[in-house]
Each structure stands twice: as C-alpha cells, then as structure tokens.
Amino acid sequence: MIIPVRCFTCGKLIGDKWEEFARRVKMGENAGDVLDSLGIKRYCCRRMLLSHVEIIDEVLRFYEETEKRREARGYYYRE
Amino acid sequence: MEIEVLEKDDKNIRLLVRGVDTPFMNALRRNILAEVPCMAIDEVVIIENSSVLHDEIIAHRLGLIPLKTDLESYNLPEECSCKSEFGCNLCRVTLTLDREAKDGTVTVYSGELVSENPNITPVSDKIPIIKLAKGQKLRLEAYARLGKGKIHAKWQPVSMCAYKHMPQIKIDAKNCDACGRCVEICPKKVLAKNGDKIEIRDLLACTLCQDCVDVCPKEPPAIEVGWEKNTFIFNLESTGVLPPERILEEALKILDKNLEEFAKQIEVQKT
Ligand SMILES: [Zn+2]
Ligand SMILES: [Zn+2]
C-alpha cells in the first residue's frame with residue numbers, strides 16, 4: 001500500500017529513501033546505481049524499494065474524484 | 001583481548017577482535033540484539049482518523065520509526081520508580097500529530113510528529129507515515145517508551161550485527177602455476193593475479209566459501225582457505241537511535257550485570 005518504514009528482513013530504515021529512489025529511477029537512472037548511492041547494500045533492503053508499488057496513490061484517486069464532485073455540486077458552500 | 005577499529009562512521013562500526021572465543025562473541029551479539037534498550041512508540045491514541053489506512057496500521061508504522069534515544073534521562077518502564085502502567089515523565093515521551101489535508105493530497109512525514117522532548121525525535125524527518133487526500137484528517141497522540149529487542153524488533157538498536165572468523169589464505173607458491181581460475185571464481189574478488197603469482201588483494205572480504213579450493217586443478221589444491229582461531233571481524237550497523245560505540249558499551253555493561261546475576265544464582269543454588 002505505502003512504502004514500509006523498515007526492511008522486513010533486517011530492520012534497516014528504508015521508508016525515507018523511497019521518494020528519492022522513485023524520483024531518480026523515473027528520471028531514467030539505473031535502479032541498482034541509485035540503491036548503491038543511497039547506501040542500501042544488502043539484497044533484503046534492495047528488494048524492498050525495487051519491488052515496491054505505491055498502491056495508496058491509486059486508492060487516493062477515488063477520494064480525490066469524490067472531493068472534486070462534491071466541490072462541483074457546491075457541497076460545502078450551501079447554507 | 002585486542003580490539004582494532006577497521007572502519008567507523010556515524011552508523012557503522014567494523015572491528016577486528018583478537019583473543020576471545022566464539023561464545024563470548026555470540027553473547028555480545030545477542031546482547032546487542034536483545035538487551036540494549038532504545039526508544040520506540042509503544043502506544044497510540046487515535047483521536048481522529050479519516051485516512052485510507054486503519055488505525056492499527058498507522059500505529060504499527062509509528063512504532064517502527066526509530067527515535068533518537070537518551071538513555072541517561074529515561075528509565076525502562078518496568079524499572080521506573082513510578083510503578084505505573086501509564087508511565088511518568090521519566091519513562092515516557094509523548095508525541096503528537098495533527099494534520100488535515102486542506103488543499104489537495106499531502107504526504108505526512110515523521111518530521112511532523114511533535115515531541116514533548118526535543119531530544120527524542122525521529123532519526124529521519126522524511127519517513128512517510130501516510131498520505132491524505134483532500135479533506136482527510138489524522139489526529140493522534142503517541143507514547144514512546146524504552147524497551148528491549150527481545151520484546152519487539154522495533155526496540156533493536158541495530159539493523160545488522162554479525163561476526164565472522166578472520167580468514168586465512170595460504171597459497172603454495174611451488175605447486176601453483178597461476179592459472180587464474182581461483183581469481184575468476186571468487187565472488188568477493190579476494191584474489192588477484194600479479195604476473196605469474198596469485199596474490200591476496202582483500203583478505204577481509206573473504207567469506208570462506210572454498211570455491212577457489214574446489215576449482216584449483218592441482219591435486220592437492222595449491223590454495224588453502226582456513227580461519228584464524230579466536231580472531232573475529234565484528235560488524236555493527238546502528239539504526240541511528242544510538243551511536244554504534246555506545247551500543248557496544250551498553251551491551252558489555254548489560255552482559256557484565258547478567259553474568260554477575262548468574263554467579264549469584266549459582267551461589268544460592270549451592271547453599
Ligand atoms: Zn534489509
Ligand atoms: Zn515512570
């Protein structure tokens with residue numbers, strides 16, 4: 001759903017490295033090189049970032065759409 | 001006992017320890033994993049949560065956030081003089097979070113947790129706790145306590161703590177014809193070919209896998225991989241809650257205390 005705070009296997013903190021990792025990979029950098037430069041050495045931690053899909057973004061889209069519709073209907077401004 | 005620091009930075013330490021036996025090294029390792037206390041969020045009161053994650057998941061994520069620990073100012077809850085289940089100022093830190101997504105989707109980070117003690121804060125400010133869509137709210141109060149790794153892994157001060165034997169590689173120069181097969185097969189690139197000789201490039205990296213011995217075409221093999229008795233390479237990686245040397249220090253103190261307790265118990269059994 002959302003990036004785990006720590007590596008499942010060893011307990012290293014990886015949550016704070018996700019956004020940089022995702023951004024740099026999207027920019028076209030090699031994922032392995034990004035992991036190296038972030039100091040993630042063990043393969044247990046590397047798979048945490050490599051295999052992660054941020055599904056929460058897909059779920060949030062439903063709420064964003066609902067909110068837009070509410071606004072369009074003047075849901076909040078009706079007396 | 002002889003200790004040499006091979007590498008050290010703010011989170012990692014690598015030691016070469018001579019003159020101790022395996023039981024001692026293992027006791028030290030297990031003490032670091034299970035007995036050295038550190039701070040983690042242990043109880044969460046959710047006041048309002050309209051986010052897409054359940055209360056329990058948020059509480060679990062909060063618990064896993066490593067907090068900078070101050071062992072001098074805080075007691076373990078079971079050793080605290082307050083004897084209260086809820087805790088007092090000497091055994092509990094309150095952190096609060098209050099966030100509403102007013103315009104558009106936002107990510108709530110660990111840096112937004114407000115601690116009552118400015119010294120007890122998350123190790124990193126950039127850990128995502130949750131994402132909120134517009135209009136969603138998260139309001140909570142979290143209580144951090146000292147605890148030990150044997151109760152829950154969130155209280156482990158280290159993310160890696162391991163030792164291995166000091167490798168010892170012997171190359172029989174008379175028997176070896178420097179075919180280079182051992183150089184190629186070594187997964188850690190320990191060996192290097194120098195002219196008509198095989199040389200050891202990085203002895204500490206050797207994992208004692210014996211692949212080089214198996215691949216050697218000579219009979220008996222011209223290379224021999226063994227280990228030095230009672231010499232260890234000790235690796236420690238802190239999660240950031242305490243400096244690595246402090247973790248070692250604490251572990252030794254606790255080991256001493258436990259051994260004393262053990263000796264006392266034996267005395268009691270004897271009489
Ligand atoms: Zn890991
Ligand atoms: Zn107390």
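1. Conventions. Chains are lettered from A and ligands numbered from 1 in the order in which they are written, while residues are numbered from 1 along each chain as its sequence is written. Since the model is predicted, local features need pLDDT of at least 70 and side-chain atom pairs count only at pLDDT 80 or more, whereas totals for chains, interfaces and linings use all residues.

2. Overall form of chain B. The secondary structure of chain B consists of five helices and 12 strands, where helices (H or I, at least four residues) and strands (E, at least two) are DSSP runs numbered from the N terminus. Chain B is more spread out than a compact globule, because its radius of gyration of 25 Å is well over the 18 Å that the globule rule gives for 271 residues; the radius is taken over C-alpha atoms, and the rule is 2.2 Å times the number of residues to the power 0.38. The C-alpha trace of chain B spans about 75 × 65 × 25 Å along its principal axes.

3. The domain assignment divides chain B into domain 1 (2–34 + 159–170 + 216–236) and domain 2 (38–155), with bounds that come from an automatic or database domain assignment. Taken over C-alpha atoms, the centres of domain 1 and domain 2 of chain B are separated by 37 Å. Of the 271 residues in chain B, 29% are buried; a residue is called buried if 20 or more other C-beta atoms lie within 10 Å of its own, exposed if 12 or fewer, and partly exposed in between, with C-beta atoms placed from the backbone.

4. The sheet of four strands. An open sheet in chain B has the order β3-β8-β4-β6, with antiparallel pairing, and two strands pair if DSSP finds at least two bridges between them. Within this sheet β3 and β6 (114–115) of chain B stand at the edges, each with a single partner strand, so one side of each has no neighbour in the sheet. Strand β3 (residues 38–49) of chain B is joined to strand β8 (residues 137–147) of chain B by 10 bridges, and Met39(B) stands opposite Leu146(B) there. Eight bridges join strand β4 (residues 93–100) of chain B to β8(B), with Val93(B) opposite Ala144(B), and two bridges pair β4(B) with β6(B), where Ser115(B) is the bridge partner of Leu95(B).

5. Helix α5. Helix α5 (residues 244–270) of chain B has 27 residues and reaches 39 Å from its first C-alpha to its last, close to the expected 39 Å, a value found as 1.5 Å times one less than the number of residues. Pro244(B), Ile247(B), Leu248(B) and Ala251(B) are buried in α5(B), and what covers the buried residues of this helix includes β2 (12–18), α1 (22–34), β9 (158–171) and β12 (223–238) of chain B.

6. Where chain B meets chain A. In all, 17 residues of chain A are in contact with 24 residues of chain B, a contact being two residues whose C-beta atoms, placed from the backbone, lie within 7 Å. Lys134(B) is found in the loop between β7 (128–132) and β8 of chain B, and counts as partly exposed because it has 19 C-beta neighbours inside 10 Å. Leaving aside neighbours within four places in sequence, the contacts of Lys134(B) include Glu64(A), Glu67(A) and Thr105(B). Thr105(B) in turn is found in the loop between β4 and β5 (106–109) of chain B, and its contacts, with the same exclusion of neighbours within four places in sequence, include Leu60(A), Glu64(A) and Lys134(B).

7. Backbone points to check by eye. Most residues other than glycine have a negative phi, and most peptide bonds are trans. The peptide bond from Glu219(B) to Pro220(B) is cis, with omega near 0 degrees, and Pro220(B) is found in the loop between α4 (211–215) and β12 of chain B. Lys189(B) has a positive phi, near 55 degrees, and is exposed, with 11 other C-beta atoms within 10 Å. Gln210(B), which is not a glycine, has a positive phi of about 70 degrees and lies in the loop between β11 (197–200) and α4 of chain B.
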